[in-house]
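Please view the structure first.

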Amino acid sequence: MLRHIGWISLLGLALAQPGSESPPITAILVVEEDVIEEGQLRTYVGSQTHPVASEKELRALLKRLVREARPPRFIFQDGRWRGVEKKGIALDEAEVLTAYREALSRGRKSFRLPARYTPPSPSLKELYALGVREHLATGETDFRGSSAARAHNLLLASSKLDGVLIPPGTFSFNQALGPVTEEEGYKEAFVIVGDRTEQGVGGGVCQVSTTLFRAFFLAGLPILERHAHSYQVAYYKPPGLDAAVIQPYKDLKAVNDTPGHILVQRTVQGTTLRFHLFGTKDREVRWEGPFISERKPPLPPREIPDPSLPPGVRKQVDFAAEGARVEVRRTVRYRDGRVREDKVVSVYRPWGAVYLVGPKPAPKAPPAPPAPSGGAP
C-alpha cells in the first residue's frame, strides 16, 4: 500500500530492523506514484517487501516486478475522481545480483532493489500542467438492443476517442475520429438516410457523437455545430440531446473555452456508453427540459425485404416515434461572473416502425393422394 511521502523515513526503519522470523534476506522495492486528488497533484512513496532465499528466487522476482508504463486514468473511488498512473519499472539483473550479494556478505537482512522508473507519455504531471485536474461532466447513452454490427461500430469509434486531449479552441468530432470505412474496421449496420433506414458502413457511430455531445453540453462548452436526427431514436433518451454525424457533411463541433486542455475518457459498463471529461472547472451548468411541442402521430409501419433473413422471418429494426419540436435549455455561470444562456432545438419528423422481412416461404406441395388399398369386401 502506498503512503504519503512523509512516511519515507519508515523505509530506513525497515532496512535497519532485523526480524527474527524473516527469511534470509528481504528485497525492498521503493515505489513512487503521482495522483491527482481534489484538483491537486500529490506524490506518494511507499515500499514493497519481497523475501528471497536464493539467487534463483531473486531472478524470478525480477521477472514479476518488471512492467511497462501505463497511461494515466481517472477512476471513481469512494465518491470522488482520482487521477492515477503506473510508472514503468526496469531492473538490471547484474546490478540487482551485485546488491544482493553485497547485502549477504555484510550480514544484512534486507537490501533495496536498484530500480529505474519510466513515466508514461503523457504523464500525470504533464496532464496536470495542461490543466487536466478535475471531473467536468459525463455524457451517457445505452445501446441495449443494438445488433452485433452496430455495437461493434460504436465500441470501435468510441475507443478511438478514449484518451483524446482537446486543446483550447474548436473541436471537430469527424476530425478527431478519422475515416469511418471498412478499411478502419467498421461494419455495415442500419443508418438513417433521409426518410429511409438502410444498411451503411459505420451504423452506430451517431451514438458515439451523441454521447460526446451530451458531455460537452453538461460541461457548459459552447456548441458550434450539432444536427438532430431525422426522428426520435429510441437509444437517445431523453429526446433533444442527440447529435447526428455524416462524414463529411454533418459534424459535431464544440469550443474548449476552459482555462486548459480537456481529457476525454471512455468507459463501457454493460450496454452503457459514457464519455467523461476532465479539465479545469471554471463554471456551473444548469439545464432544464425537454420541452416538447408540435406533436404529430407516428407514421404507419414499413417493411423492407431482406433476402439474408430466413423465409417468413420478420425482424423489427426501428420503432415508431412521434414527430415533435423539442427544446432543451441551458444556463452556464462562470466563476468570473459571466452568465450564458442558450438552448438546443430539435425538430423531429414522425416515424413509423420498420421491419425487415425475409423471402416468402415456398408454397407447400399438395398432399399426395391416398394409395389404393385392396382386400376382400
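Helix H7 is followed by Gly220, whose phi is positive, near 80°. Helices (H or I, at least four residues) and strands (E, at least two) are DSSP runs, numbered from the N terminus. The model is predicted: local features need pLDDT of at least 70, side-chain atom pairs count only at pLDDT 80 or more, and totals for chains, interfaces and linings use all residues. Residues are numbered from 1 along each chain as its sequence is written, and side-chain values use heavy atoms, leaving out hydrogens and water.

Q: What distance does H7 reach from its first C-alpha to its last?
A: H7 covers residues 205–219, 15 residues in total. The expected span is 1.5 Å times one less than the number of residues.

Q: How many of the residues of H7 are buried?
A: Buried means under 20% relative accessible area, exposed over 50%, partly exposed in between (1.4 Å probe, protein chains only). H7 is largely enclosed by the rest of the structure, because the buried residues number 14 of the 15.

Q: Is Arg330 buried or exposed?
A: Arg330 lies in strand S21 (residues 323–334). Its relative accessibility is 2%, so Arg330 counts as buried.

Q: With which side chain does the side chain of Arg330 make a polar contact?
A: A polar contact is a pair of N or O atoms within 3.5 Å; within protein, one must be able to donate a hydrogen and the other to accept it, and residues adjacent in sequence count only if both atoms are side-chain atoms. A polar atom of the Arg330 side chain lies 2.8 Å from the backbone oxygen of Phe217. The side-chain partner, at 2.7 Å, is Asp342.

Q: Which residues of H3 are exposed?
A: Helix H3 (residues 93–105) has Val96, Leu97, Tyr100 and Ala103 buried. They cover an arc of only 125° around the axis (taken from the directions from the axis to the C-beta atoms), which puts them on the same side of H3. On the other side, the exposed residues are Thr98 and Ser105.
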